[in-house]
Amino acid sequence: MKPRGFLALALVVILVGLGLPAHWFARRIAPAELSHAAWLVQGTWVLKGTLVHAGCLGLFAVRRMASRHDGAIYQPLSSELAHAIPYGSLRERAAMVVLLIVAGLARLMWLSSDLSVREVDLFLLARDSSALELWCDYSQAGDQRGYALLARASLAIFGPSSAALRAPALLLGFASVLAFWRVALLFAPRTQAFWATAILALSAPHVWFSQHASGHTGMLCFSLLATGELARLLGSKPLRPELCALRYGLWMGLAVWLHPMALLVGFSHACVYIALLGSRACPRRSPGRRIPAAALLGAGFAALLALAPVLPHALHTFLEAQRHIGPEARWKGAQQLWHLLPFERAGQPAWAIAVGLALLVVALILGARSFLLQGLLSRWLLVGAQLLVLASLLALGILEHPMLLAATGVGSLHFVRGLSCWVRLFLRPQVLGELVIGFERALFSLACGICAAGLARAWGPKQDFTGAKAWIESQAVDPTAVVTVGRARKVYDQMYTTDWQSAGSLAELVQLQNRHPTLWVVATSPSDLREHSADLWRHLTREYELVSTFEGTLPGGEVCIYAWPSSPW
């Protein structure tokens, strides 16, 4: 686009921001009687201010468009990037095609399995709400507001089904594999980049989230794309740096739109840029400073635009949650990620788990050390940014987003680099030559095989509601009443449309006990039921008998069936 086009676009954005009436816009979107109407008025003012400031930034950028981007922030960065060879050999491209086919098949298996409770809530919300309500109402979709819009479009195209609900997560997860490969090629040899991509594509956590209706895979995909654009801006001389900066802002805005926790990735990128500017190798008047700074600033405005209508409500909700978060909630996500590790098996000896963890930690440390010694760009972007994201998650107590730990694109790349360093530490490449390379590939293949063996932990129903329903219907002795409690009520009332009764409190359950001689009670997520309905949980454990449990791939999401006064068989 020519400077006149940028100037016209910036003026239009400023006029829209100044002329948009906040109260009229909020009333048109949401009626005044809704609880979030007041929050939406404040969000509209945030949107107005963001548009005006973004337009002013565009006017300032037009004046700078004539200046050239004369290269990297400083020349030593350019030697780190392996961008000169965009395509590999025919064998490498064929191997990549095979890997993508295998990755796609691994994510298609069990795609239509039972949904979790959160997925059921999202399914009902996307099916019954309009796109405008999903866009402006944070109280219903919460952090999954962006994914709810994608899910609504998917349900309209493919019909109401669990596979259609998860289709956006699957496509974005598949795209994140390609995005990771492109980022890995910038910092590592092609062999290491390929094997790191293979480990990511076959890892159980990535497959699990690719089959889970949430914005985690989208956040990962667009964060990786943004990381690649920032690396090119900081360490190379792109042909069109303005377009590279615009793409960076677009990718970060989409990542934040799909999940607000992507803001931590953008914050880590800004810290990387500041750290590089403060290094001694960076010239004080380098022209390469301007466009990366504009890209980061544009990403900030894109993130504000993505969150503007719901930003005040989202910020209030987040601060309130931080006040009441407990130690158990802080480690719930870590428990979920541990459940998906390939060497975590029921009945496996403790020494095997300890050895597996030790090898994993040693490989990650060796890989991080190698990237620290490789250069300043890899030191800050691949190690510093990752540590900063992890420290932010620990400080905020938000570990239920394990995909965010890989959002800077270094997890499996560190592991593969660490394996290579471990091999070369004990073997001498100068003496053994090609044998070392062959041993490295064998070790990489073994790591991929271990990851593939752990895929069984990611496949299956998230929560086995269908299995519990089929088990009850198959019993020869029918109870006089089946009652759902807790979070299982909505699932069986609105998803499976059963004729079972429901009890929302202990008093309602006692009333049903007085009317029926026997009861079967269906509950899910015992830890959540114990936390939110302690009296009902105590009554179930004391007066009822647990007769069957149906586990899914979601840790702590088992579906339990209780009988009263005792099992009928």
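Trp110 lies in the loop between H4 and helix H5 (117-128), where helices (H or I, at least four residues) and strands (E, at least two) are DSSP runs numbered from the N terminus. Its phi is near 65°, a positive value in a residue other than glycine. Trp110 counts as partly exposed because its relative accessibility is 45%; buried means under 20% relative accessible area, exposed over 50%, and partly exposed in between (1.4 Å probe, protein chains only). The model is predicted, so local features need pLDDT of at least 70 and side-chain atom pairs count only at pLDDT 80 or more, while totals for chains, interfaces and linings use all residues. Residues are numbered from 1 along each chain as its sequence is written, and side-chain values use heavy atoms, with hydrogens and water left out.

**Overall make-up**

- The protein has 28 helices and five strands.
- It comprises 569 residues, of which 51% count as buried.
- Of the contacts (heavy atoms within 4.5 Å) between residues at least 6 apart in sequence, 76% join residues at least 24 apart.

**Nonpolar cores**

- The largest nonpolar core has 76 residues, and Phe187, Tyr248 and Leu413 touch the most other members.
- Helix H9 (residues 162-187) gives the most to this core, with 10 residues.
- A second, separate core has 34 residues, including Leu134, Phe465, Val491 and Ile561.
- A nonpolar core here is a set of buried Ala, Val, Leu, Ile, Met, Phe, Trp, Tyr and Cys residues joined through side-chain atoms within 4.5 Å.

- Val97, Ile101, Leu105 and Leu108 make a nonpolar surface patch of about 390 Å².
- Patches are made of residues with over 30% relative accessible area and no salt bridge, with like charges joined within 9 Å and nonpolar side chains (Val, Leu, Ile, Met, Phe, Trp, Tyr) within 5 Å.
- Val97 belongs to helix H4 (residues 90-108) and counts as partly exposed because its relative accessibility is 48%.
- Glu92 forms a salt bridge with Arg190, with the closest N and O atoms 2.9 Å apart.
- This pair links distant parts of the chain, since Glu92 is in helix H4 and Arg190 in helix H10 (residues 190-201), 98 residues apart.
- Glu92 counts as buried, at 15% relative accessibility.

**Other salt bridges**

- The structure holds seven salt bridges, each defined as a side-chain nitrogen of Lys or Arg within 4 Å of a carboxyl oxygen of Asp or Glu.
- Asp128 and Arg127 meet through their side chains in one of them, at 3.0 Å from N to O.
- Asp128 is exposed, with a relative accessible area of 51%, and Arg127 is partly exposed at 42% relative accessibility.
- Glu473 forms a salt bridge with Lys469, and the closest N and O atoms are 2.8 Å apart.
- Glu473 and Lys469 are separated by about one helical turn because they are four residues apart in helix H24 (residues 465-474).
- An α-helix has 3.6 residues a turn, so residues three or four places apart point the same way.
- Glu473 counts as exposed at 52% relative accessibility, whereas Lys469 counts as buried at 19%.

**Helix H26 and its cover**

- Leu509, Leu512 and Gln513 are buried in helix H26 (residues 506-515).
- Seen down the axis of H26, the buried residues fall within an arc of 105°, so they line one face of the helix; the arc is that of the directions from the helix axis to the C-beta atoms.
- The face turned away from the buried side of H26 carries the exposed residues Asn514 and Arg515.
- The cover over the buried residues of H26 includes strand S1 (482-485), strand S2 (501-503), S3, helix H28 (534-543) and strand S5 (559-564).

- Ser525 sits in the loop between strand S3 (519-524) and helix H27 (526-532).
- Phi of Ser525 is near 50°, a positive value in a residue other than glycine.
- Ser525 counts as buried because its relative accessibility is 5%.
- Ser420 is part of helix H21 (residues 411-426) and is buried, with a relative accessible area of 4%.
- Leaving out residues up to four places away in sequence, Ser420 touches Gln192, Glu440 and Phe444.

How values were computed: Areas by Shrake-Rupley, 256 points an atom, 1.4 Å probe, with all protein chains shown as cover.
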